[in-house]
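Please look through the structure below before reading on.

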Amino acid sequence: MQQGITTLVVVGVGLIGGSFALSLKRAGKVQHVIGVGRTLDNLTRALELGVVDEISQDLAAVASRADMVLLACPVGQMGRMMQAMAPHLQPHAIVSDAGSTKGDVAELFRTHLADHLAGCVPAHPIAGSELSGAAAAQYGLYEKRKVVLTPLPETSSGACDKVAGLWQACGAVIHRMSPAEHDSVFATVSHLPHLLAFAYVGMVAGKPDAERCFDFAATGFRDFTRIAGSHPEMWKDITLANRSALLDELERYRLALAALTEQVAASDEAGLASTFDTARTARVGWYQRFLREGQT
């Protein structure tokens with residue numbers, strides 16, 4: 001198979017890993033997909049839906065057959081998965097991931113796959129939703145979506161190009177960053193918004209009149225809080241993995257919120273208008289670029 005692979009092992013058959021498998025199947029870039037996970041019901045569902053061709057709850061038992069392993073499980077589970085596969089990987093096998101943080105994943109590769117670093121390609125597909133599980137997998141999830149590769153200094157160019165080619169076969173647009181740059185950027189535009197949504201919905205849920213408030217919540221509440229429906233375990237792991245960068249972003253947000261509080265307390269019409277206009281202009285500009293890139 002030109003630029004394709006024979007056997008893909010997907011650890012964590014949900015929206016991200018399952019959609020990668022489906023897209024590669026449709027593109028004719030993989031012959032056989034083995035799904036690995038902890039929950040037999042989810043694996044069975046993945047098999048029934050044709051997301052995978054074979055299932056296993058034991059990564060060590062199937063790792064030797066892999067041309068590529070995609071770790072699409074929560075970051076907190078990746079070290080254990082790397083340990084399990086390390087003695088069994090073939091020399092040519094590529095190991096990549098789909099984690100939302102990269103500095104910690106790079107360290108996990110160094111710790112657990114030190115003899116296989118040439119084949120290790122940390123990656124982050126910028127696509128997702130609050131949905132999870134094998135039933136969430138879908139064709140076309142990665143069409144015109146960005147995928148960030150953060151190769152290690154030891155990563156071979158061949159392995160990096162192979163992973164890039166597979167993501168491009170899914171319709172993705174490839175970008176490359178260092179792990180540190182990646183984690184700084186995504187603390188700002190992804191991880192902090194999730195924390196704010198979780199905190200806000202938790203605050204509302206804790207009010208004495210929470211049910212009354214929820215009764216009148218409409219589209220603004222829906223749009224602002226959608227990501228608070230995301231997977232709690234995954235976001236706990238992401239938060240702790242990117243703790244340093246997130247603490248910096250939380251402090252910046254605290255200062256911005258303090259300034260807004262002062263404007264409201266002082267009935268500062270000009271200050272509020274300026275704050276809102278600056279934010280609106282930035283958001284409109286970003287959204288226009290987003291649409292030009294063909295994203296939805």
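Buried means under 20% relative accessible area, exposed over 50%, and partly exposed in between, with a 1.4 Å probe and protein chains only. The model is predicted, so local features need pLDDT of at least 70 and side-chain atom pairs count only at pLDDT 80 or more, while totals for chains, interfaces and linings use all residues. Residues are numbered from 1 along each chain as its sequence is written, and side-chain values use heavy atoms, with hydrogens and water left out.

Most residues other than glycine have a negative phi. S267 is not a glycine, yet its phi is positive, about 50 degrees. S267 has a relative accessible area of 57% and is therefore exposed. Its place is the loop between α11 (243–265) and α12 (269–292); helices are DSSP runs of H or I with at least four residues, strands are runs of E with at least two, and both are numbered from the N terminus. K144, also not a glycine, has a positive phi of about 60 degrees. K144 lies in the loop between β7 (123–125) and β8 (146–149). Its relative accessibility is 47%, so K144 counts as partly exposed.

The UniProt annotation "coiled-coil region", from an unreviewed entry, covers residues 243–270. Such annotations may be inferred rather than shown by experiment, and their positions are given in the numbering used here. In the model, residues 243–270 are 89% helix and 0% strand, with the end C-alpha atoms 36 Å apart.

Next come two helix pairs. The axes of α1 (residues 15–27) and α6 (residues 157–169) come within 8 Å and cross at roughly 80 degrees. Axes are lines fitted to C-alpha atoms, for helices over the stretch in contact, and angles run from 0 to 180 degrees between N-to-C directions. Angles under 35 degrees count as roughly parallel, over 145 as roughly antiparallel, 65 to 115 as roughly perpendicular and the rest as oblique. The helices α1 and α6 are therefore roughly perpendicular to each other. F20, L24 and A27 of α1 make the contact with L166, W167 and A169 of α6, where contact means heavy atoms within 4.5 Å.

In the second pair, the axes of α7 (residues 179–205) and α10 (residues 232–241) come within 11 Å and cross at roughly 125 degrees. The helices α7 and α10 are therefore oblique to each other. On the α7 side S190, H191, H194, L195 and F198 meet W235, I238 and T239 of α10.
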